[in-house]
Amino acid sequence: MLDYIQRHELLKPGDRVGVAVSGGADSVALLRLLLELRKALGVVISVVHFNHKLRGAESDGEKSFVAELARCHKLQFYSSSGNVAGHAAKKHMSVETAARELRYEFFRSLAGVGAVRKPSSEELNGPQIMLDKIATGHTLDDQAETVLMRLVRGAGTRGLAGIYPKLAVRERSPQHSALSTQPDRESSVVSSQSCWVHAPFIVRPLLNISRTDLKCYLAAIGQDWREDSSNRDLRFTRNRVRYAILPRLERYLNPAVRHALSETAEIARGEEEYWQDEVARLMESAWSSSSPGKSYAREACDSKKETVTSGGALRIDVLRRLPLALQRRLVRSGAELLGLRLEFQHLREILRLSESGPKSGPKSAPLPHDWKVVRTGEELRFQPPLAGETEDAPTEYEYSLCVPGRVEVSETSSMFEAVAVGMGNSMAGYNPDHLFDPAALSKELQVRNWRPGDRFWPAHTKCPKKIKELLQTHHITLEERKLWPVVVSGEEIVWVRGFPAARRFLPKGNAREAMLIREVPLASV
């Protein structure tokens, strides 16, 4: 680990390092290893813990365990907590994303970077000092899982770069996360590192060490840890990858698949570092901001609100001289300066604008958050939505639907039913695309309107899509979209009006029974 820390310049003498300890094996091992190395590294260590309040007494027990661990080693202990479930519901995001957002907000407050609020005296124990680094326990296994999930969902080298060893903490702006990259994609930290010479960092010293090796180390030194019961819950994608998919890949394809995926991430990061510098050089001549006097370099290091709202433009003549790979990177870079994250289909549509003549072909392409790209002469101009063009947030509703059972939804003037049907002749008249595997569904479903950021993977399609894009593709009007219903099982959307059932929830070929989810107009009930 010492070699990894020195090679990636994660810590330097004099650093005040807060070790994020959840109580699990990975983070406990990180703390014990750093304690062994602190004299060699010349760092000051403290312990940081965030209680997500998701598992009641179990979560509180983990906090007590970590506090005692800090006391035993005479370390300063910083703790905080947050209502993760409430934050997830309020922000319409997954529990995992909400937990990460609140946890990293706490890290930012400890680093003194644009904290939204100061932790109360009850939340923050001990004197308030500014930490230089927060060390987290991400391992080689976490890296492998991340790379595999991104590969399956669709990713280029940026996504395959996985978890970065070092991530700059920055002040939150309206369109950006608390870190120097997008919240679920750690990508450009290295290229913008010059902007953060004096910034605190999140560091991951264990990225080249496997979870198995860490547990062996803990056993050897007689150090116990706490097991998070939710880590075995296969409703969570990462847990399915960890306990079901990767073990099968190891058994049937490559016994060293975790190391192979980790090496893929390292190769991809090296590629990204090179291309980010090259893109920065090209953007100086290709990009013009709508804000007077702002250069590309200034915007890249200083994401202010005016750069997000004022738009910008790419020169088509510069794009046309470049190979396709660089064209895509310049378009994506321009969008990211404006706080926009583009899917592959957006890149394809934007580049189609540059290929057509000024008087032929498409003249504009839609982007996320109601932005659009318009071809004006020899420029591709990114334009923010005009007043009155933005889609109002939909009126929210949510109802519980037992399986089997029914529920009336007044907002849609319809009844939703979950009905058990036998497979074979008895299912005559039912659309197979509306049938579900009962074992895959929760005992209680949620019927609600779609929400910004929701994704759905209908049967017979290649990959998940944002529901907003699915509705736009089917020409559903703004007014109709506001109340468009979906059905949720656990944290996954399984049914959307007008689309086939979710791919993963279709009945097995030898199933004897299926569950039908259908919407019936109240007028016909």
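Modeller: Let's start with how the elements are named: helices (H or I, at least four residues) and strands (E, at least two) are DSSP runs, numbered from the N terminus. This is a predicted model, in which local features need pLDDT of at least 70 and side-chain atom pairs count only at pLDDT 80 or more, while totals for chains, interfaces and linings use all residues. Residues are numbered from 1 along each chain as its sequence is written, and side-chain values use heavy atoms, with hydrogens and water left out.

Biologist: Thanks! In which helix is Gln143 found?

Modeller: Gln143 belongs to helix α6, which spans residues 140-153.

Biologist: Does Gln143 count as buried or exposed?

Modeller: Buried means under 20% relative accessible area, exposed over 50%, and partly exposed in between (1.4 Å probe, protein chains only). Gln143 has 2% relative accessibility, so Gln143 counts as buried.

Biologist: Which residues is Gln143 in contact with, leaving aside its neighbours within four places in sequence?

Modeller: Contact means heavy atoms within 4.5 Å. With those neighbours left aside, Gln143 touches Ala161, Gly162, Ile163, Leu207, Ser262, Ala265 and Arg269. Take Ser262: 119 residues separate Ser262 from Gln143 in sequence, yet their C-alpha atoms are 5.8 Å apart in space.

Biologist: Now the sheets. What is the order of the strands in the open sheet of four?

Modeller: Strands of a sheet pair through backbone hydrogen bonds, either parallel or antiparallel. Two strands count as paired if DSSP finds at least two bridges between them. Here the order is β13-β14-β21-β15, with antiparallel pairing. The edge strands, β13 (405-409) and β15 (435-436), each pair on one side only. Inside the sheet, β14 (residues 414-422) and β21 (residues 513-521) pair over nine bridges, and Glu417 stands opposite Arg518 in β21.

Biologist: How many salt bridges does the structure hold?

Modeller: Side chains of opposite charge can pair when their charged atoms come close. A salt bridge is a side-chain nitrogen of Lys or Arg within 4 Å of a carboxyl oxygen of Asp or Glu. The structure holds 33 of them.

Biologist: What do Asp26 and Arg211 tie together?

Modeller: Their side chains meet in a salt bridge (3.1 Å, N to O). Asp26 lies in helix α2 (residues 25-41) and Arg211 in helix α8 (residues 211-221), so the pair ties together parts that are 185 residues apart in sequence. Both Asp26 and Arg211 are buried. They also belong to a network of salt bridges that links Asp26, Asp142, Glu145, Arg211, Arg238 and Arg242.
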